[in-house]
Amino acid sequence: MYNIFLTGEKGIGKTTIINKILSRINCEADGYTVKPIIEGTLKHFYITSIKDDAKKALMATGDTTKRKIINIYEDSLNKFGTELVNNSVNTKDIIILDEIGFIESKCSNFKNSIINALNSNKIVIGVLKEFNGDFINSIKKREDVILFTVSEKNRDELPGVILNILTRRGDTNDSTCKKSSSYS
């Protein structure tokens, strides 16, 4: 199974691409996305279930004036994040990992759950932060990873390209996971 990742500038449309792919295939998907909430000069980052916005945990807090992370809540990633990824691997067709960055660097349980997902026979679609870190680099170097750099020029065509890769490999051809006719 190939693992498909997107990278690119902040705000370029990586999560939008994932959402377009998910809307065009009939699969059970879960995993996580990171949702920020701004309160004054603080920006709180929540690891949130793709399927249920109510399932979330605070993973980090940043200072918007300094554009810097000031607190990382490792327990949230090592407990909630790990459970979310592992449950997705055990029960879903597609695992979403949106996004992997530097915050995870000291979260061994969470990183192990991501490796478990990548080693599974499931479709994994994720986002890698543009960051030069050991964990991100180890994912990029895997032979089973396809990495797309999203730009303004390619972001509209990438959902179709990725869907065609999945269809060509047969990953979306079984009865529980079919590609819609929106792309061909």
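# Chatting through a predicted fold

User: Hi! To start, how much of the protein chain counts as buried?
Analyst: Of its 184 residues, 47% count as buried. Keep in mind that this is a predicted model.

User: Noted. How many helices and strands does the chain have?
Analyst: There are 5 helices and 10 strands in the protein chain. Its radius of gyration is 16 Å, close to the 16 Å from the globule rule for 184 residues, so the chain is as compact as a globular protein of that length.

User: And what does the C-alpha trace span along its principal axes?
Analyst: About 45 × 35 × 35 Å.

User: What about the accessible surface?
Analyst: That comes to about 9,600 Å², and carbon and sulfur atoms account for 45% of it. As for contacts, take those between residues at least 6 apart in sequence: 63% of them join residues at least 24 apart.

User: Let's go inside. Which residues of the largest nonpolar core touch the most other members?
Analyst: Phe 5, Tyr 32, Leu 97, Ile 100, Phe 110, Ile 114 and Ile 139, out of 26 residues in that core. The elements giving two or more residues to this core are E4, E5, H2, E7, helix H3 (108-119), strand E8 (123-128) and helix H4 (134-140).

User: What is Ile 114 in contact with?
Analyst: Leaving out neighbours within four places in sequence, Ile 114 contacts Tyr 32, Val 85, Leu 97, Ile 100, Phe 135 and Ile 139. Another core lies apart from the largest one; it has 22 residues, among them Ile 12, Cys 27, Val 127 and Leu 166.

User: Switching to charges: how many salt bridges does the structure hold?
Analyst: It holds 3. One of them joins the side chains of Lys 92 and Glu 28, at 3.5 Å from N to O. That pair links distant parts of the chain, 64 residues apart: Lys 92 sits in the loop between helix H2 (74-91) and E7, and Glu 28 in the loop between strand E2 (25-26) and strand E3 (29-39).

User: Is Lys 92 buried or exposed?
Analyst: Lys 92 is buried, at 18% relative accessible area, because the cut-off for buried is under 20%.

User: Which side chain does Asp 53 meet in a salt bridge?
Analyst: That of Lys 35, at 2.8 Å from N to O. This pair also links distant parts of the chain, with Asp 53 in the loop between strand E4 (42-49) and strand E5 (56-63) and Lys 35 in strand E3, 18 residues apart. Asp 53 is partly exposed at 47% relative accessibility, and Lys 35 is partly exposed at 33%.

User: And where does Arg 142 come in?
Analyst: Its side chain meets that of Asp 144 in a salt bridge, 2.8 Å from N to O.

User: I'm looking at Asp 98. What is the nearest side chain of opposite charge?
Analyst: Lys 14, which is 7.4 Å away. Asp 98 is buried yet has no salt bridge, because a salt bridge needs the nitrogen and the carboxyl oxygen within 4 Å.

User: So what does Asp 98 touch, and where is it?
Analyst: Asp 98 is in strand E7 (residues 94-100). Not counting residues up to four places away in sequence, Asp 98 touches Thr 15, Ile 18, Tyr 32, Thr 33, Val 34 and Val 127.

User: What kind of peptide bond joins Asp 98 and Glu 99?
Analyst: A cis one, with omega at about 25°.

User: How far apart in space are Ile 21 and Arg 67?
Analyst: They are 31 Å apart, C-alpha to C-alpha, and 46 residues apart in sequence. Ile 21 lies in helix H1 (residues 14-23) and is buried, with a relative accessible area of 0%.

User: Last one: what does Ile 21 touch?
Analyst: Setting aside residues up to four places away in sequence, Ile 21 touches Ile 125, Pro 159, Ile 162 and Leu 163.

Notes. Residues numbered from 1 in each chain as written. Predicted model: local features only at pLDDT ≥ 70, side-chain atom pairs only at ≥ 80, totals over all residues. Heavy atoms only, no water. Helix = DSSP H or I, 4+ residues; strand = E, 2+ residues; numbered from the N terminus. Buried < 20%, exposed > 50% of the residue type's maximum accessible area, 1.4 Å probe, protein only. Lys, Arg positive; Asp, Glu negative; His and termini not counted. Contact = heavy atoms within 4.5 Å. Core = buried A, V, L, I, M, F, W, Y, C linked by side-chain atoms within 4.5 Å. Rg over C-alpha atoms; globule rule 2.2 N^0.38 Å. Areas by Shrake-Rupley, 256 points an atom, 1.4 Å probe, with all protein chains shown as cover.
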